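Subject: Structure for your review

Dear colleague,

Please find below the structure that I am handing over to you.

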Amino acid sequence: MKVAIGSDHAGFNLKEAIKNDLIARGYDVVDVGTHSPERADYPVYAKACAQEILNGNCEFGILCCGTGEGISITANKIKGIRCGIGYDDEVSALTRKHNNANMIAFGERFMKPEDAIRRANIFLTTDFEGGRHADRVGMME
C-alpha cells in the first residue's frame, strides 16, 4: 500500500516517527514534506498530501501539525478528501469504518509518538463498512 505523509514544522518529529514505522512495516511512503523542523506552513503540505491521493498515486494520507486541527481543516476543504483527527484508537478506526476517510491527522503537541503510530496503523488496516455509512458519505460529497 502506498501512503502519503506530510507535516508542518510543528508536526515534523511526529511525521518522521510515523514514516519510519510505516517503512519498517513495508508500506511505500511518499513524504511530501516538510523535510526539516524549520518554520513551514501546514496548508502547503496538506494540499500536497491530498493531491497524492486525488491523482491516484497513494491510497491514504497522514498529516501532522501541532494540534492536527489546522492541517485537517485544510485537507477537508479539498473536494474528495475526508480527513479525521485520530485523537484516540476507537476514533482512528471509526473514521475509516463509518466515514471512509482517506486521510488522518495527528497533533504532535498533544500525542505521544507511540500513540500516533498505533493509531495510524489502526486507520490503515481498518476497512470501510459501507451500508448505511455509504449513503452518509455520499451526502458529504
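A crossing of two helices is called left-handed if the near helix is turned anticlockwise from the far one by less than a right angle, and right-handed if clockwise. Helices (H or I, at least four residues) and strands (E, at least two) are DSSP runs, numbered from the N terminus.

Please note that this is a predicted model, in which local features need pLDDT of at least 70 and side-chain atom pairs count only at pLDDT 80 or more, while totals for chains, interfaces and linings use all residues. Residues are numbered from 1 along each chain as its sequence is written, and side-chain values use heavy atoms, with hydrogens and water left out.

I begin with two helices. Helix α2 (residues 42-54) passes α3 in a right-handed crossing. Their axes (lines fitted to C-alpha atoms, for helices over the stretch in contact, with angles from 0 to 180 degrees between N-to-C directions) come within 9 Å and cross at roughly 45°, α3 being residues 69-76. The two helices are therefore oblique to each other; angles under 35 degrees count as roughly parallel, over 145 as roughly antiparallel, 65 to 115 as roughly perpendicular and the rest as oblique.

Contact means heavy atoms within 4.5 Å. On the α2 side, Tyr42, Pro43, Ala46 and Lys47 meet Gly70, Ile71, Thr74 and Ala75 of α3.

Next comes burial: buried means under 20% relative accessible area, exposed over 50%, and partly exposed in between (1.4 Å probe, protein chains only). In α3, the buried residues are Gly70, Ile71, Ser72, Thr74 and Ala75. Their cover includes β1, α2, β3 (60-65), β4 (83-85) and β5.

Strand β2 (residues 28-33) has 5 of its 6 residues buried, so it is largely enclosed by the rest of the structure. Strand β1 (residues 2-7) runs parallel to β2 and is joined to it by 5 bridges; two strands pair if DSSP finds at least two bridges between them. Lys2 stands opposite Asp28 in β2.

Two single residues complete these notes. Ala93 lies in helix α4 (residues 89-97) and is buried, with a relative accessible area of 14%. Leaving aside residues up to four places away in sequence, Ala93 touches Ile122 and Thr126. Asn102 lies in the loop between α4 and β5 (103-107) and is buried, at 8% relative accessible area. With the same exclusion of residues up to four places away in sequence, the contacts of Asn102 include Ile53, Glu59, Phe60 and Phe123.

Yours sincerely
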